[in-house]
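Please have a look at it first.

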Amino acid sequence: MQQHTGTKLEEGPTQLRCIGCGALRQSAGRDFRCPDCGDLLEVIYPDWKSSKHGSALEPNILKNEWRQRRASHALADRSGVWRFRELLPNLGNLESVITLSEGNTSVYELPKCARIARMERLFAKHQGMNPTGSFKDTGMTVAATFARLEGFRWVACASTGILNEVVQRMPVCLLNSVNPYRLEGQKTAAIELLEQFNWEAPDHIIVPGGNLGNSSAIGKACMEMKELGLISRLPKISIIQAEGAMRENGGKKLSPMRADTMATAIRIGNPASWKKAVRVLEATGGTVEQVSEVEIALAKAEIGADGVGCEPASAVTLAGLKKLVKQGFIKRNESVVLILTGHMLKDPDFTIKFHRGDLFPDKKDDAAILKEQQRAPIVLDASVEAVLKALEQA
Ligand SMILES: Cc1ncc(COP(=O)(O)O)c(C=O)c1O
Ligand SMILES: [Zn+2]
């Protein structure tokens, strides 16, 4: 095992701060909620401002260190999460992080999608290219390492129901996105993106909205990078949700809705991190838009036609971009990055139904909109002749 470079993990205690009442705490309860007001907690780094860190947090030193770590053979150094450990909580010895090599995901250019959205250029950072096909991995490596450090043998993650009572009654560590350590890990998508953009912030980052963990984490990372001088300006972070999934009232109140969308990953009518996300929208000047089922299906096929592919929730970003360009919120020559959150193979049924023309069996108008992108499967005999004949006819 190679030596790690710059083992900063042992430095700088972090604190937890309630996003509602602002109370500070050293540790969290099982539900990761403020015992005083019930709101969510966030990780803060009071030491960043102190002279103790000296030049360790100097932007050029950090950038160099992070670049050099990529050439290391040590797992934590090569990790697209732990490589950025100076901006993560102190979770002890680097040898004991729980990791499957998360992060290090590509940024792809989407030229066809750019033309469709009437943009000069368009990029996508594909968090679905993580080891389990989901953006969640970058958060899970941090949250799972935290759980181990705290002595938990059991962890659990579910989007709805049962779990709060379970974690109160049994020694189970909750890994949902209410867990602030998980969101710290998800921050690294933005840090890595900015590194890939040579620390020039894009004009816009567009994120799918479900529980609003990604938008919160990516926004927090951008604000922290700005504070540390790693970037000189903030990108506008905008959130796209499935039509009717949630109703938010001037950032002050959320009216829970019964969300109903085929993009099941964002079928969430009462998002846990909405206050954190509102703060990001306000700080970065981003906006919120919603898109219909047929708009999601079309955008997913268009991303696929650029050779990338994603599951439906990710595709709301392109569908939303088209609307934001039409509204004039995004200008044709601005730089835009879509955050794709899940691998295409997360929901193969959707893709198969799409190409068979079975997605909207009762809605003729919607089905007609998708026709041009459909590539219906052709069933052939398993013979060379059958393949050659089909190719000649094509
Ligand atoms: C693929 C995918 N995209 C997006 C989301 C929404 O996550 P959030 O809004 O919490 O970032 C989820 C939630 O699990 C998901 O699985
Ligand atoms: Zn509180």
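At what angle do helix α10 and helix α11 pack, and how far apart are their axes? Before I answer, please keep in mind that this is a predicted model, in which local features need pLDDT of at least 70 and side-chain atom pairs count only at pLDDT 80 or more, while totals for chains, interfaces and linings use all residues. Residues are numbered from 1 along each chain as its sequence is written, and chains are lettered from A and ligands numbered from 1 in the order in which they are written.

Now to the answer: α10, which covers residues 293-305, and α11, which covers residues 312-326, pack at about 90°, and their axes are 8 Å apart. Helices here are DSSP runs of H or I with at least four residues, strands are runs of E with at least two, and both are numbered from the N terminus. The axes are lines fitted to C-alpha atoms, for helices over the stretch in contact, and the angles run from 0 to 180 degrees between N-to-C directions. Angles under 35 degrees count as roughly parallel, over 145 as roughly antiparallel, 65 to 115 as roughly perpendicular and the rest as oblique, and α10 is therefore roughly perpendicular to α11.

On the α10 side, the contact is made by Glu-295, Ile-296, Ala-299, Lys-300, Glu-302 and Ile-303, and on the α11 side by Pro-312, Ala-315, Val-316, Leu-318 and Ala-319. Two residues are in contact if their C-beta atoms, placed from the backbone, lie within 7 Å. Sorted by class, the residues of this contact are 8 nonpolar, no polar and 3 charged, where Ala, Val, Leu, Ile, Met, Phe, Trp, Tyr, Cys and Pro count as nonpolar, Asp, Glu, Lys and Arg as charged, and the others, Gly among them, as polar.

Let us turn to a second pair of helices. Helix α7 (residues 188-196) and helix α8 (residues 213-227) pack at about 55° with their axes 7 Å apart, and α7 and α8 are therefore oblique to each other. Their contact brings together Ala-189, Ala-190, Ile-191 and Leu-194 of α7 with Ile-218, Ala-221, Cys-222 and Met-225 of α8, and by class it has 8 nonpolar, no polar and no charged residues.

Staying with α8, let me point out the loop between β8 (204-208) and α8, where we find Leu-212. Phi of Leu-212 is near 70°, a positive value in a residue other than glycine, and as a general point most residues other than glycine have a negative phi. Is Leu-212 buried or exposed? Leu-212 is buried, because 29 other C-beta atoms lie within 10 Å; the cut-offs are 20 or more such atoms for buried, 12 or fewer for exposed, and partly exposed in between, with C-beta atoms placed from the backbone.

Arg-233 and Glu-200 are 33 residues apart in sequence, and their C-alpha atoms are 8.3 Å apart in space.

Next, the ligand. Ligand 1 is surrounded by 15 residues, and the closest are Gly-210, Gly-213, Asn-214, Ala-265 and Gly-342; a residue counts as near a molecule or strand if its C-beta atom, placed from the backbone, lies within 6 Å of it. By class, the shell around ligand 1 has 5 nonpolar, 9 polar and 1 charged residues.

Finally, the division of the chain. Domain 1 takes in 1-53 and domain 2 takes in 101-141 + 179-373, with bounds that come from an automatic or database domain assignment. The contact takes 8 residues from domain 1 and 8 residues from domain 2. Strand β3 (residues 41-44) gives the largest share of the domain 1 side, 3 residues, and by class that side has 7 nonpolar, no polar and 1 charged residues.

In the loop between β3 and α1 (59-69) lies Asp-47, which counts as partly exposed, with 16 C-beta neighbours inside 10 Å. The C-alpha atoms of Asp-47 and Gln-15 are separated by 9.6 Å, although the two residues are 32 residues apart along the chain.
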